[in-house]
Amino acid sequence: MNTTKATPKTPWGRFPSAWVTSGGLAKFQVQQKASLAALRVYLAMACWTARQEFAETPGIFMAFSVTYNDLQRNSHSDRSELLPALTLLQEQGLLKFGNAGRGTRNVYEVLGDSSKGWSKVPETVLDKFESLNLKHTTVASHNRRQVLLDGLKLYILFLALRDKRLNRAKVSYDRICELTGIRRRGVRTALSLLASLKLVHIENFRNPEQPGPNHYFIVDLAKFQPLPGFEYDDGQRQAG
């Protein structure tokens, strides 16, 4: 099996976005213990693709080989979480993997079609999530998993919906819930998480007579420039 050849490294990775905008994130729920690790592994693979060209085979977005140790380190996952995470991604039709015949190295195929859309992801994202995971060890484990999973899903959605010119995603709470499966009361908590980790800037539309959805600026992909008619929100306000 041939992997795609390397290109100059960039500070961001790539992943196919069609599965996100069609509601695929809603299939990752906290009741499935592998869900959180699966999305961590997926983003780690997306960052790995910063060194790869698009695959030429239809239906394969990217292909590469990597050791379990590297995958574990880059995804900040326990080794015992990797196989369940990879299996879940394969079951959801997002990934195929198999042994490369070189010891612990596997070949991974990220499934998707680049012609149907792809999104950038900053390589800093998993390090930022890991810093929060270590700081908040006193939070009940189930609640922590739920908040982290909701935060990852929301962040991936913003990346998939990002307007490349403005570097912002524009989406309503109702649409967020529909596409991610996050409960409405969990959206604000997830937004606060992303804001506290400096992954997004939240911008509220100021005109109450013409209400519109918030804008979410993706930090680490561009320099922040405020938009006219919006006010910055640090994520600490209560949902309206």
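Q: Helices (H or I, at least four residues) and strands (E, at least two) are DSSP runs, numbered from the N terminus; which residue with a positive phi follows α4?
A: The residue that follows α4 is G93, whose phi is positive, near 75°. This is a predicted model, in which local features need pLDDT of at least 70 and side-chain atom pairs count only at pLDDT 80 or more, while totals for chains, interfaces and linings use all residues. Residues are numbered from 1 along each chain as its sequence is written, and side-chain values use heavy atoms, with hydrogens and water left out.

Q: What makes one side of α4 the buried side?
A: Helix α4 spans residues 79-91, and its residues L82, A85, L86, L88 and L89 are buried, a term for under 20% relative accessible area, with exposed meaning over 50% and partly exposed in between (1.4 Å probe, protein chains only). These residues cover an arc of only 160° around the axis, which puts them on the same side of α4; the arc is that of the directions from the helix axis to the C-beta atoms. The face turned away from that side carries S80 and E91, which are exposed.

Q: Why is F15 called buried?
A: The relative accessible area of F15 is 1%, which falls under the 20% limit and therefore makes F15 buried.

Q: Why is the pair of F15 and Y42 called edge-to-face?
A: Rings of Phe, Tyr and Trp (its six-membered ring) pair if their centres lie within 6.5 Å, and planes under 30 degrees apart count as stacked, over 60 as edge-to-face and the rest as tilted. The centres of F15 and Y42 are 6.1 Å apart and their planes stand at 70°, so the pair is edge-to-face. Because F15 lies in strand β1 (residues 12-16) and Y42 in helix α2, the pair ties together parts that are 27 residues apart in sequence.

Q: Which residues have the most contacts inside the largest nonpolar core?
A: A nonpolar core is a set of buried Ala, Val, Leu, Ile, Met, Phe, Trp, Tyr and Cys residues joined through side-chain atoms within 4.5 Å. The largest has 68 residues, and those with the most contacts inside it are F15, W19, Y108, V121, F129, Y155 and F158. Helix α2 (residues 34-48) gives the most to this core, with 13 residues.

Q: Where does pLDDT stay under 50?
A: It stays under 50 over residues 1-8 and over residues 236-240, pLDDT being the predictor's confidence in each residue, from 0 to 100. Where pLDDT is low, the predicted coordinates should not be read in detail. The mean pLDDT of the protein is 82, and 75% of its residues reach 70 or more.

Key:
Contact = heavy atoms within 4.5 Å.
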